[in-house]
Amino acid sequence: MSILLLPFFFLFCAAPVNAGDADNTETWTTLSATSGCIGEKIFCNSDWQAFFTELKSDEEKFESVLSVFPDKKESKIHICNWENASNGVLAVLVAEQVTGRSWLDYNGKNPLILEAIKQAKTTLPQHGPLKKILANPACVRDLQDFFRREYVAVTEVPDEEFPFWYSAFSPSWTPLQVSCFPFALFHEQKTSVYGLDLGLIGRIQDKAYGISFAPFFSCTRNHCGINLSGVFALSGTNNGLTIAPVTMTQDNHGVVIGLFNTGVAEQESGGVQVGLINEADNGILQIGLINQGHDNSKVQIGLYNKSNGSIQFGLINHNADALIPWMPLINFSMPDKVEMSAE
């Protein structure tokens, strides 16, 4: 199912909203491959300063930097202790420059990050604990969310600077979007919708926060609210409720309801799938006739369940990590504990 729908995902969802990513990727590749040293204040160089300026004015480019956090490949930027920064560590340092906040300022509840901060404040080099948590998908997601909040705080323009009628005509967001693929009534697909997003045939939008509906297909890079479609719905990130006969979600943190539900990437998700056939790399709960999960699935309820590291309730349960891999009615395995040791 994933293979059949994957071309539609890139055709209708990924390509339109990521048109500007190529330039940013090229800039990042060039800068990270240019030798330099943090201790010598390489970030003061004109090329880096120009890059920071671009990131402060373009949220999509900043998001592309956040997506580099899990990258373990070594860059050419020297940090300390006779080693170069990984691309992930370098991306965190860049996010710090853009937001003016350090990863040590993290104020969330992730225990691994909090422990890493304690270690970083008492041991050298500080990037050692950072590298460890960047190897954990949950920590990466929480750090990304932290820098997203800080980015909004430093780039958001106060409301009082806009006239009261501005929102309906703003090129950056609109309370109403009506589209007939591939045309949109208000501005373009990159315009964020805060309200009602309607597609006469289908709809493609970068970000939608509210209610979205289309009779044939509904595609959103980042959706928070209710997303309804008569045939299929594609989402980069789902933070609300998506309902369609066929759904494809890259990163699900909400509820997806459909006949066939599938995920297309290994993201650390905490969502729910309800349908006849559910497939996902990870998630909190799958309810259906056939459920297939992978390493980070939590609970499965159905006739046939297949996953690693989950609790399963069904007629036939297959859990490769369980003491007995094949079991009727119920099966389970204990998740591996993630431990961090000081260097």
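The legends below describe several close-up views of a predicted protein model.

Residues are numbered from 1 along each chain as its sequence is written, and side-chain values use heavy atoms, with hydrogens and water left out. Because the model is predicted, local features need pLDDT of at least 70 and side-chain atom pairs count only at pLDDT 80 or more, whereas totals for chains, interfaces and linings use all residues.

**Figure 1. Overview of the protein.** The protein contains eight helices and 20 strands; helices (H or I, at least four residues) and strands (E, at least two) are DSSP runs, numbered from the N terminus. Of its 343 residues, 44% are buried, where buried means under 20% relative accessible area, exposed over 50%, and partly exposed in between (1.4 Å probe, protein chains only). The accessible surface is about 17500 Å², and carbon and sulfur atoms hold 62% of that area; accessible areas come from the Shrake-Rupley method with a 1.4 Å probe, and for residues only the protein chains shown count as cover. Among contacts (heavy atoms within 4.5 Å) with a separation of 6 or more, 28% join residues 24 or more positions apart.

**Figure 2. The largest nonpolar core.** A nonpolar core is a set of buried Ala, Val, Leu, Ile, Met, Phe, Trp, Tyr and Cys residues joined through side-chain atoms within 4.5 Å. The largest one has 40 residues, and W48, F69, V94, W103, L143 and F147 have the most contacts inside it. At least two residues of this core come from each of α2 (21–32), α3 (46–57), α4, β2, α5 (87–99), α6 (111–122), α7 (127–133) and α8. The greatest contribution is that of α5, with eight residues. Another core, of seven residues, lies apart from the largest one and includes I204, L234, V246 and M248. In soluble globular proteins, nonpolar side chains tend to be buried together.

**Figure 3. Aromatic pairs.** Rings of Phe, Tyr and Trp (its six-membered ring) pair if their centres lie within 6.5 Å; planes under 30 degrees apart count as stacked, over 60 as edge-to-face and the rest as tilted. By this rule there are 11 aromatic pairs. One of them joins F69 and F147 edge-to-face, at 6.0 Å centre to centre and with 80 degrees between the planes. F69 lies in the loop between α4 (59–66) and β2 (74–80) and F147 in helix α8 (residues 137–155), so the pair ties together parts that are 78 residues apart in sequence. F69 is buried, at a relative accessible area of 1%, and F147 is buried at 0%. F217 and F232 form a stacked pair, 6.1 Å centre to centre with 20 degrees between the planes. Because F217 lies in strand β8 (residues 217–229) and F232 in strand β9 (residues 232–238), this pair ties together parts that are 15 residues apart in sequence. F217 is buried at 8% relative accessibility, as is F232 at 14%.

Figure 4. W28, F43, W48, F51 and F52 form one aromatic cluster. In α3, the buried residues are W48, F51, F52 and L55. They cover an arc of only 100 degrees around the axis, which puts them on the same side of α3; the arc is that of the directions from the helix axis to the C-beta atoms. The other side of α3 carries the exposed residues S46, T53 and S57. An α-helix has 3.6 residues a turn, so residues three or four places apart point the same way.

Figure 5. Residues I113, A116, I117, Q119 and A120 of α6 are buried. Viewed down the axis of α6, they fall within an arc of 165 degrees, so they line one face of the helix. L104 lies in the loop between α5 and α6 and is buried, with a relative accessible area of 18%. Not counting residues up to four places away in sequence, L104 touches I117, A120, K121 and Q126. The C-alpha atoms of L104 and K118 are separated by 8.8 Å.

**Figure 6. Surroundings of Q273.** Q273 is placed in strand β14 (residues 272–274) and counts as buried at 7% relative accessibility. Leaving aside neighbours within four places in sequence, Q273 is in contact with V256, N261, T262, G263, N278, E279, A280, L285, Q286 and I287.
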